[in-house]
Amino acid sequence: MRFPPKFQKSGTAAAAPSLWKLKSFHSHRHTPTHLNNLLNTTAQTKSLKLAAQIHSQIITNGFISLPFLFNSLLTLYSKCGRISHSLLLFSTTHHVTKTVVSWTALISQLSHFIAPFEALTFFNNMRTAGVYPNHFTFSAVLPACASTSILVHGQQMHCLISKHGYEGDVFVGSALVDTYAKCHDMELAEKVFVALRERNLISWNSMIVGCLLNNLHDKALFLFREVVREDFISPDQVSFSSVISAAANIGDLDFGKQVHGVVVKQGLLTTSYVKNSLMDLYFKCGWFDEGAMLFNSLGMGDRDVIAWNIMSMGCVYNENFEEACNYFWVMRRAGISPDEASYSTALHSSAHLAALDQGTLIHNQIIKTGFSINTCLASSLITMYAKCGSLDDACRVFEETENPNVVCWTAMIAACQQHGNGNKVIELFEKMLAEGLKPDYITFVCVLSACSHTGRVEEGHAYFNSMEKVHGISPGHEHYACMVDLLGRAGRLDEAQKFIAQMPIKADSSVWGALLGACANYGNLEMGIEVAVKLFELEPNNPGNYVLLSNMYAHKGKLKEADQVRRLMGINRVRKETGCSWIDIKNKTFVFTVHDKSHARMDEIYEMLKKVEELVKNKGYVPQTQFALKYSVEEFKQQSLWYHSEKIALAFGLLALPAGATIRIKKNLRTCGDCHTVMKFASEIFKREIIVRDINRFHHFRNGLCSCSDYW
């Protein structure tokens, strides 16, 4: 049957629908060839309605038993996005001889729709039905094995491939390399790759991408150099984007720039995959302007969600968290729907800014757009709320998360640890173990830190010993630092020093820093000097070590030695970071430094400070002048304590926020003991919750008490 002249025009998408306007379509008897042509044409339009009409004609004309029509119809339904229709057709059509082509088509579709276990089930059913797989079948089912990430599936399929004699097929071999790589066994992947008699670009790309997935970045660069030397193979956008990503992950900027040059020569710079990888390279290597230039060279229509995500992450790498949040909102205004990475990056940035309002708005966006909150997003939300000072909201997110994984549990444990709730940390950790989840490296850092801050010495030792013996996790510097801190806070300084001497790995600055802090707390000047000398060698530019040693000398009345340490800072050009505190009022951030006079309401603020001073003294406040070492006269010491930045921020909060509202203060350094005492008194006097986030943790002051139990 000839195609009617009315339909003979360019553009199949326009041609196919017009066919159905002819009443003669249903009244004429069609040949199998004509119906097959219609199936192929409709596959380009992806119209489910047209597919169903052709299906009815195939049945009406009695052609459903023809394998080539049956197979084309299976493929058409999948291209219309209806794999369920393909499955129904395959399962309910019993009088059709289902050839290897039919089975392969369905298995391929299931693999494509990421239904790996269903694909493997149909593969087994095919073999049970007596149909032997061919090389196309194996190429179709191997991606399903890869999607399961279960190594034994790939190994079993490998045995069948060898049994059927397809091990030498380049496409089957390439798919097998990809399967082993995605099952995280690069040794087997390389064995298959090396054994291939013929290698095409897909084979090389499978190995390069596999190395990238398994963090074998140097190997990925080596393989790329090898494929460039091949005479009849030229790298494509997959090769370039993968090797650029590998270079980015190891910070090899020089290699990345060389590849950039080759990309330009081959005219692949306009490819989104390659350009996005280049942006990522420059951002990760600290070349922010170059990455931003590539992003800006993209037209608004060419900026997909991945490009926006990389730009936002570039701001994060550059520690410009406010700008990262701005890019999120600009992307939304551009009509791009955020994905999981977009939301996670925006939440991460909000957490670093401690911007609760910003984080809450992003959470609202997630809910409004109907985006499914999976375990990854849930952990980001928990971390955001925790770092913004709202532990209750963090707990609420955790409780609403279905089947939380170890990342979610760890995020919640870390949240409680940051907020000084050590008992809750231990409770959550034990509950996680009871759920059958295996803790990771970070989980133990949080648990040991919680033990340290709650004085649980014996429990801390037990958890530390269980890391390797029970959970197979080798302790790192962070864990050893927590143990030294645990012993140091308990006053067992000699034991802490012996613990360091027995460490199987060389102690770093975090370990020695924990011991120096303990020496300062307990006034052990002799040991403190010894530890400080080691720290001056390990991190000569860290002002905290100099300040601690200087303060230890001052506390012992050795002002000359204290001054010498301060002068040493000047000689080494080390400057102590200026202390500051900030508070958010009506979406605006107000920053205060020591003895600040910059605010327009400064007179009111200092009046409020005097009022607070009088009230807390009436409650029994005694100035802790050891935190005012700058002055030698006691009167000046006492007065200087009231010019600390967090006290000024407190006074402003009392003035600017409604009565009873929570006051949230952030500080860039560790809050001093005197300010800590004043905050406790103020919370009771003014009947307010005061939340202070310093460089170490959150302090929740309620009714004259702090969440840290004065042990921080």
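In what order do the six strands of the open sheet come? The order is E2-E1-E3-E4-E5-E6, with mixed pairing; strands here are DSSP E runs of at least two residues, helices are H or I runs of at least four, both numbered from the N terminus, and two strands pair if DSSP finds at least two bridges between them. Strands E2 (588-593) and E6 (705-706) sit at the edges with a single partner strand each, so one side of each has no neighbour in the sheet. Helix H37 (residues 645-656) packs on the sheet and touches E1 (580-585), E2, E3 and E4, where contact means heavy atoms within 4.5 Å.

A quick word on the source: this is a predicted model, with local features needing pLDDT of at least 70 and side-chain atom pairs counted only at pLDDT 80 or more, while totals for chains, interfaces and linings use all residues. Residues are numbered from 1 along each chain as its sequence is written, and side-chain values use heavy atoms, leaving out hydrogens and water.

Inside the sheet, E3 (residues 663-667) and E4 (residues 690-693) run parallel, joined by four bridges. Arg664 stands opposite Ile691 in E4.

Now the salt bridges (a Lys or Arg side-chain nitrogen within 4 Å of an Asp or Glu carboxyl oxygen): the count is 18. Here are some of them:

| Pair | N to O distance |
|---|---|
| Arg601, Glu604 | 3.1 Å |
| Lys619, Glu684 | 3.9 Å |
| Lys647, Asp674 | 2.8 Å |

Lys647 lies in helix H37 and Asp674 in helix H38, 27 residues apart. Lys647 is buried at 0% relative accessibility, and Asp674 is buried at 0% too; buried means under 20% relative accessible area, exposed over 50%, and partly exposed in between, using a 1.4 Å probe and protein chains only. Lys619, by contrast, is partly exposed at 46%.

Key: Axes are lines fitted to C-alpha atoms, for helices over the stretch in contact, and angles run from 0 to 180 degrees between N-to-C directions.
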